[in-house]
Amino acid sequence: MVAKQRCFLAIDIDSDLIQNIVKVQEEFKNTNNNVKYVEEENLHFTLKFFGDIDKDKIFEVKNCILKVLNEINFKDNFSNEISIKGLGTFPNKNYMKVLWVGCENSEFITKLHDALDLEFKKIGFKLDKQFKTHITIGRIRNLKDKNEFKSKIEKLENFEIGNMNIEKISLKISELTSKGPIYSNIKVFEL
């Protein structure tokens with residue numbers, strides 16, 4: 001039996017911006033709600049979640065990424081500087097399961113995602129139905145005080161984390177453990 005690994009493609013967050021995201025998490029930790037917050041070393045933008053794939057499929061994924069990055073120079077057409085700001089929940093404000101930080105000027109990420117997604121479709125992955133550039137900062141388990149949580153979101157919905165340039169993307173393995181996921185890089189691709 002061929003071993004499979006849980007993989008995804010991500011944009012890592014600049015280390016100097018991580019502490020600003022942690023400050024937002026701290027604001028919510030002061031509420032009386034059950035939320036599993038993402039560890040600071042795991043904060044990222046997801047470009048594509050592949051699920052459990054074997055070595056052969058990982059090799060194909062790497063080739064797709066290289067093909068897209070070699071064919072398209074996104075920096076010539078779009079600024080690779082993004083502004084990380086804003087806050088929201090998925091799927092919506094009334095039924096909250098994921099707490100996220102958003103992004104402005106995300107045309108670069110969207111175009112990169114779309115080009116990669118089309119290439120991944122050629123090797124058997126489904127196209128993403130609805131891509132929204134975001135960083136998951138918490139998974140909501142139980143809201144004991146939904147109104148308090150909503151008012152905190154409203155207070156912080158325009159909070160500015162900061163700007164960063166996207167210089168690389170990382171193909172990662174997610175190892176699920178009892179203490180939470182551990183991410184490690186398979187390959188980092190310079191843009």
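Student: Where is Pro91 found, and what kind of peptide bond joins Phe90 and Pro91?

Tutor: In this predicted model, Pro91 is found in strand β4. The peptide bond between Phe90 and Pro91 is cis, with omega at about -5°. Most peptide bonds are trans.

Student: Why is Asn105 called partly exposed?

Tutor: The relative accessible area of Asn105 is 44%. Buried requires under 20% and exposed requires over 50%.

Student: Why does Lys55 count as exposed?

Tutor: Lys55 has 68% relative accessibility. Exposed means over 50%, so Lys55 counts as exposed. Lys55 belongs to helix α2, residues 55–71. The C-alpha atoms of Lys55 and Ala3 are separated by 7.8 Å, with the two residues 52 apart along the chain.

Student: Is Lys155 buried or exposed, and why?

Tutor: Lys155 has a relative accessible area of 57%. That is over 50%, so Lys155 is exposed. Lys155 is in helix α5. Between the C-alpha atoms of Lys155 and Leu87, 68 residues apart along the chain, the separation is 9.5 Å.

Student: Why does His113 count as buried, and with which residues is His113 in contact?

Tutor: The relative accessibility of His113 is 3%. Buried means under 20%, so His113 counts as buried. Leaving aside neighbours within four places in sequence, His113 is in contact with Leu47, Asp128 and Phe131. His113 lies in helix α4, residues 107–121, where the other buried residues include Phe108, Leu112 and Phe120.

Student: What is the reach of helix α1, and which elements do its buried residues pack against?

Tutor: Helix α1, residues 15–29, reaches 21 Å from its first C-alpha to its last, close to the 21 Å expected. Its buried residues include Leu17, Ile18 and Phe28. The buried residues of α1 pack against β2, β4, β5, β6, α5 and β7.

Student: How many disulfides does the structure hold, and why is Cys7 in none?

Tutor: The structure holds zero disulfides. The cysteine sulfur nearest to that of Cys7 belongs to Cys64 and is 14 Å away. A disulfide needs two cysteine sulfur atoms within 2.5 Å, so Cys7 is in no disulfide.

Student: Why are Cys7 and Cys103 called buried?

Tutor: Cys7 has a relative accessible area of 0%, and Cys103 has 16% relative accessibility. Buried means under 20%, so Cys7 is buried, and Cys103 counts as buried by that cut-off.

Student: How much space lies in the largest pocket, and what makes up its lining?

Tutor: The largest pocket holds about 800 Å³ of space. Its lining has 31 residues, and those nearest its centre are His44, Thr46, Thr136, Arg139 and Tyr183. Two or more lining residues come from each of β1, β2, β3 and β6. The largest share, five residues, belongs to β3. The lining divides into 13 nonpolar, 10 polar and eight charged residues.

Methods: Residues are numbered from 1 along each chain as its sequence is written. This is a predicted model: local features need pLDDT of at least 70, side-chain atom pairs count only at pLDDT 80 or more; totals for chains, interfaces and linings use all residues. Side-chain values use heavy atoms; hydrogens and water are left out. On a 1 Å grid over the protein atoms alone, a cavity is a set of points where a 1.4 Å probe fits but cannot get out, and a pocket is an open set with protein on both sides within 12 Å along at least five of seven lines; lining residues have an atom within 4 Å of a point. Grid points are joined across faces, edges and corners, and a volume is the space filled by probe spheres set on the points. Helices (H or I, at least four residues) and strands (E, at least two) are DSSP runs, numbered from the N terminus. Ala, Val, Leu, Ile, Met, Phe, Trp, Tyr, Cys and Pro count as nonpolar, Asp, Glu, Lys and Arg as charged, and the others, Gly among them, as polar. Buried means under 20% relative accessible area, exposed over 50%, partly exposed in between (1.4 Å probe, protein chains only). The expected span of a helix is 1.5 Å times one less than its number of residues. Contact means heavy atoms within 4.5 Å.
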